[in-house]
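Thanks for coming, everyone. Please bring up the structure, and we will walk through it piece by piece.

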Amino acid sequence: MRPAGCGPPRRIVVEDVTPLVGGGRYPGKTVVGEHLPVRATVWGEDQVPLSVAVRWTGPEGAARLVPMTEDRQRPDVWLSTVVADAPGHWTLRVLAWADPWKLWLAALTAKVAAGCRAADLVDELRTGARLLERAAGDAATGPGRLARSAVRALRDPMLDPGRQVETARAVDVTALPGAELLRQHLVTGDPLPVYADRPRAAHGAWYELFPRSTGGTDAAGRPVHGTFATAAADLPRIAAMGFDVVYLTPIHPVGRVRRLGRYGHPVAGPDDPGCPWAIGSADGGHDAVEPRLGNLDDFRAYVRAAGESGLEVAMDLALHCAPDHPWVAAHPEWFTVRSDGTVACATSPQAVWSDIVPLSFDQDPEGLYAEIRRLVAHWIGCGVRIFRVDSPHHKPPEFWHRLIWDLKGDHPDLLFLAEAFTRPAIQQGLSKLGFSQTYTYFMWRDTKAELTSFGAELVRHSDFMRPNLFPTNHDVLPRVLHHQGPAMFAIRAALAATLSPSWGVYSGYEICENEPATPDDHRWRDAEKYTLVARDFAAARVAGWSLEEWIGRLNRIRRAHPALQQLRTLRFHDIDDDRLIAYSKSDPATGDTVLCVVTLDPSEPRRGTLTLTPDDLGVPTTGVLLLDEVSGMSVRWTPPLSIALDPRRAVAAIYQVQASAPPKEEQQ
């Protein structure tokens with residue numbers, strides 16, 4: 001007796017289809033132009049040839065059938081690649097069927113190879129001719145004409161059987177108008193959703209800054225509060241380093257009630273600017289700008305100036321409120337009110353933020369949702385298409401799912417970066433819900449073993465989670481960078497820029513700011529979120545502590561190599577020195593392949609032997625050149641490959657793997 005709930009048995013089984021996210025509840029992720037791999041396990045009766053294809057349906061409902069091929073190394077595993085040519089919701093379904101044409105062709109080929117005469121193959125040849133006639137229909141050109149020519153050959157008793165097989169094999173039956181008539185026992189898999197974003201969702205270089213720290217210093221050397229105009233003056237320098245996105249920390253009015261002072265002191269001095277994540281005052285809330293930065297027209301001008309420099313503006317969506325935010329008085333139902341009538345401040349097991357009162361989504365979720373959607377739409381109207389979301393894990397998951405897809409319905413080009421330094425299940429869950437990118441644990445991954453495991457995990461989750469690797473940010477200065485100089489900062493930049501398609505730096509990284517609060521603390525000694533920081537980038541260049549040229553070179557290399565804009569093809573390779581790490585990437589569309597070797601030692605030269613052959617990377621075994629995009633030197637690849645890196649000269653080798661003509665002596 002069949003177990004309850006089981007469907008009728010099928011002649012063909014389609015299972016283990018990927019990309020599959022949350023059992024098909026959430027869309028897999030791709031970007032326009034990306035080659036998205038599709039895999040399925042398909043099996044049926046032994047010895048019965050199968051054909052398998054992907055029905056790939058776009059946002060407008062147009063569908064195309066993309067053939068799948070069986071993996072030579074793994075029987076019954078079928079592979080294909082689909083490409084989205086427009087942003088929006090796509091659907092893929094795997095189709096499989098018994099293929100009488102393949103069965104007939106295989107049987108005929110075997111009989112001819114066994115020496116059967118034409119007189120013994122009359123029935124088989126007639127069967128093949130009928131199959132072709134059925135599939136060709138009335139088509140008069142192209143594949144149809146070729147099919148009818150093959151039909152005549154199959155019915156010609158004077159033709160050699162071997163020639164008849166060749167003629168039949170030359171016909172692409174799948175291109176014939178009646179190809180569907182040759183499908184037996186057709187099985188259609190479940191539809192799986194895929195969302196195609198614009199390419200910036202998958203790859204780009206980000207630069208984080210506090211606009212208020214761009215005002216320079218006064219005659220006494222004290223920092224001056226910056227404006228959108230002073231921030232715009234720095235855009236050419238940022239663009240010259242090759243960045244694509246300039247991310248602004250919150251630009252809204254900063255609360256005055258319970259404002260925190262320097263070092264996060266609970267009492268602010270008269271000149272302390274406060275924490276910009278404590279949003280809202282008498283000057284306005286989330287739809288306003290801090291008056292000392294300028295006004296809305298000034299912000300729009302900044303967005304235009306960024307665009308003229310080739311940069312997009314990412315805005316901080318921080319749903320935190322200061323005690324004097326206008327919402328507190330107008331909508332107390334949006335907050336947690338204690339029994340004494342006061343509004344509760346933000347807390348966590350690690351800290352208390354007395355200058356912030358958190359939102360509550362329990363009393364009026366629809367009203368709060370409508371207001372947040374309104375304010376995001378307001379900034380979209382100001383030209384913003386990228387939002388970096390602060391601590392999304394502190395808000396209800398269903399809220400983000402609704403907001404993101406609601407907004408993307410009107411604006412498919414919107415991108416959302418999740419600042420979710422939290423548990424893996426939550427970080428991954430937010431990505432499944434719709435966040436375009438997410439911060440990761442890169443800042444806490446130092447050793448070769450940690451980085452290798454971390455990179456492999458990113459690849460495993462690449463169907464739904466896109467990483468954005470920052471070596472530091474305004475909150476975190478990892479221990480690996482405490483009191484370090486340019487070499488260690490260059491190492492971490494090289495890792496972030498080549499491991500991930502998206503990476504970023506926090507302003508001050510290029511001049512190696514490195515002072516922690518305490519020796520064992522990952523926080524900054526004088527955190528910029530509580531004060532103004534005036535930076536002299538020109539002086540750092542003169543002193544030899546500037547990484548602007550190195551960061552610019554990394555970004556130029558990234559732009560030149562589509563392989564470095566990929567994540568799914570990341571592979572790690574053995575190199576016999578624990579302070580050297582080696583990995584490669586390739587781009588399926590262009591064939592571009594890059595091999596990276598990075599030292600993890602900022603002090604001493606390292607040398608290692610790479611146990612890797614060109615064939616491991618899918619390139620010819622001989623006649624391969626490695627062109628180091630860092631040094632400009634090239635070497636002919638002769639395994640085993642010995643690689644030496646001296647951090648005083650270069651912390652990384654980034655090799656373009658290119659086939660070349662063999663030397664003259666080899667040609668002879």
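Let's start with two helices, H1 and H2, whose crossing is left-handed. Keep in mind that this is a predicted model. H1 covers residues 100-113, and H2 covers residues 122-136. Their axes come within 10 Å and cross at roughly 150 degrees. Angles over 145 degrees count as roughly antiparallel, so that is how H1 runs relative to H2.

Which residues of H1 and H2 make the contact? From H1, we have Pro100, Trp101, Trp104, Leu108 and Lys111. From H2, we have Glu124, Leu125, Thr127, Gly128, Leu131 and Leu132. By type, the contact of H1 with H2 has seven nonpolar residues, two polar and two charged.

Next, another helix pair. H3 spans residues 143-154, and H4 spans residues 161-169. The two axes cross at roughly 160 degrees and come within 9 Å. H3 and H4 are therefore roughly antiparallel. The crossing of H3 and H4 is left-handed. On the H3 side, Ala150, Ala153 and Leu154 make the contact. They meet Gln164, Thr167 and Ala168 of H4. How many residues of the contact of H3 with H4 are charged? None: there are four nonpolar, two polar and no charged residues.

Now to the strands, beginning with a hairpin. E4, residues 50-57, pairs with E5, residues 63-67. The pairing is antiparallel, over five bridges. Look at Ala53: opposite, in E5, stands Pro67. Five residues lie between E4 and E5 in this hairpin. In the turn, Gly61 has a positive phi of about 95 degrees.

Asp16 sits in strand E1.

E18, residues 386-390, and E19, residues 415-419, pair in the parallel sense. Find Arg388: its bridge partner in E19 is Leu417.

Another open sheet has six strands. Here the pairing is antiparallel, and the order is E23-E24-E25-E30-E27-E28. At the edges stand E23, residues 571-573, and E28, residues 634-636. Each has a single partner strand, so one side of each is left without a neighbour in the sheet. From one strand to the next, the twist averages 25 degrees.

Take the E28 end. E27, residues 624-628, pairs with E28 in the antiparallel sense over three bridges. Leu625 stands opposite Arg636 in E28.

H13, residues 486-499, lies across E23, E24, E25 and E30. H13 runs at about 25 degrees to E24.

The structure holds 23 aromatic pairs. One of them joins Phe442 and Phe454. The centres of the two rings are 6.3 Å apart, with 40 degrees between the planes, so the pair counts as tilted. Where do Phe442 and Phe454 lie? Phe442 is in the loop between E20 and H12, while Phe454 is in H12. The pair therefore ties together parts that are twelve residues apart in sequence.

Last stop: cis peptide bonds. A cis bond joins Thr18 and Pro19, with omega of about 10 degrees. Pro19 is in the loop between E1, residues 12-18, and E2, residues 28-31. Another cis bond joins Pro639 and Pro640. There, omega is about -5 degrees. Pro640 lies in the loop between E28 and E29, residues 641-645.

Methods:
Residues are numbered from 1 along each chain as its sequence is written. This is a predicted model: local features need pLDDT of at least 70, side-chain atom pairs count only at pLDDT 80 or more; totals for chains, interfaces and linings use all residues. Side-chain values use heavy atoms; hydrogens and water are left out. Two strands pair if DSSP finds at least two bridges between them. Helices (H or I, at least four residues) and strands (E, at least two) are DSSP runs, numbered from the N terminus. Axes are lines fitted to C-alpha atoms, for helices over the stretch in contact, and angles run from 0 to 180 degrees between N-to-C directions. Angles under 35 degrees count as roughly parallel, over 145 as roughly antiparallel, 65 to 115 as roughly perpendicular and the rest as oblique. A crossing is left-handed if the near helix is turned anticlockwise from the far one by less than a right angle, and right-handed if clockwise. Contact means heavy atoms within 4.5 Å. Ala, Val, Leu, Ile, Met, Phe, Trp, Tyr, Cys and Pro count as nonpolar, Asp, Glu, Lys and Arg as charged, and the others, Gly among them, as polar. Rings of Phe, Tyr and Trp (its six-membered ring) pair if their centres lie within 6.5 Å; planes under 30 degrees apart count as stacked, over 60 as edge-to-face and the rest as tilted.
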